[in-house]
Amino acid sequence: MTSPYPPPGTSPVPGSLAAPGSASEARILLVEDDEVIRNTVRMALERYGFTVHTAGDGLTGLEVFREAQPDLLLLDVMLPELDGIGLCRRVREFSLAPILMMSARGDSLDVVSGLEAGADDYVVKPCESAVLVARIRSLLRRASFAPVLRSGTPARADGAEPVGDPDTLVFGDLTIDTLGMEVRREGEPLALTPTELRMLLEFAGSPGVVLERRTLLSRVWDHAWQGDTRVVDLHVQRLRAKIGAERIETVRGFGYKLRR
């Protein structure tokens with residue numbers, strides 16, 4: 001069977017991706033049922049310095065994930081025993097590790113289902129090694145980033161007095177500790193994925209300012225080249241479910257903004 005991925009070394013590699021960099025210490029779990037594709041992707045990722053664990057079905061993938069505790073999960077949508085959507089949901093029950101889904105079809109159903117299940121991003125097979133590695137590195141950076149807020153002194157949601165702690169942002173019942181990377185609603189901690197947290201910080205850095213989908217895509221996902229704005233919409237939906245649907249307002253034809 002012919003693999004949809006080019007053999008390692010055959011794809012053009014941008015200069016920024018030529019050296020593995022921090023990827024040399026990152027561990028990835030690849031769950032793919034096709035042995036040829038699984039081995040080809042594994043070798044390509046190892047060439048960039050990643051440590052790769054593999055599994056051929058969803059149930060084995062879940063077991064390996066629990067044992068290996070990888071830094072990132074890369075999985076196909078169509079898997080035996082437990083499909084990629086189901087595996088994604090199971091992992092999200094106990095882990096916030098970045099999840100990148102692969103779809104041979106790339107249709108709306110796969111994309112929406114995967115993102116709703118908790119995936120951070122997706123790629124469509126076939127996918128060149130350089131593109132796949134770029135997406136992986138973007139997710140890994142997101143999982144360990146230090147926030148760069150674009151506003152000045154944090155202000156309360158009602159625009160009254162500045163918050164005493166400069167590392168704390170307050171919007172109504174929502175409190176964001178930008179130093180400790182903690183978000184609380186009515187005093188209770190919220191479990192946000194790295195992507196959800198980074199998106200929230202983008203909104204919190206510009207409260208009341210409309211952020212276009214392409215802007216969020218570029219800042220949060222680093223998708224300056226071929227991003228899909230459905231990723232933004234689905235993550236806004238997930239974020240609203242956690243921080244309150246009324247907190248993020250849709251500005252039709254433009255994007256979203258965090259209410260002051």
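Modeller: Helices (H or I, at least four residues) and strands (E, at least two) are DSSP runs, numbered from the N terminus. The largest share of the lining of the largest cavity, four residues, comes from the helix α4. This is a predicted model, in which local features need pLDDT of at least 70 and side-chain atom pairs count only at pLDDT 80 or more, while totals for chains, interfaces and linings use all residues. Residues are numbered from 1 along each chain as its sequence is written, and side-chain values use heavy atoms, with hydrogens and water left out.

A cavity here is a set of points, on a 1 Å grid over the protein atoms alone, where a 1.4 Å probe fits but cannot get out; lining residues have an atom within 4 Å of a point. Points are joined across faces, edges and corners, and the volume is the space filled by probe spheres set on them. One cavity of 30 Å³ or more is present, and the largest has a volume of about 40 Å³.

Its lining consists of Val77, Met101, Met102, Ser103, Asp110, Val111, Gly114, Leu115, Ala119, Asp121 and Tyr122. Two or more of these residues come from each of β4 (99-103), α4 (108-117) and β5 (121-124). By kind, the lining has seven nonpolar, two polar and two charged residues; Ala, Val, Leu, Ile, Met, Phe, Trp, Tyr, Cys and Pro count as nonpolar, Asp, Glu, Lys and Arg as charged, and the others, Gly among them, as polar.

Key: On a 1 Å grid over the protein atoms alone, a cavity is a set of points where a 1.4 Å probe fits but cannot get out, and a pocket is an open set with protein on both sides within 12 Å along at least five of seven lines; lining residues have an atom within 4 Å of a point.
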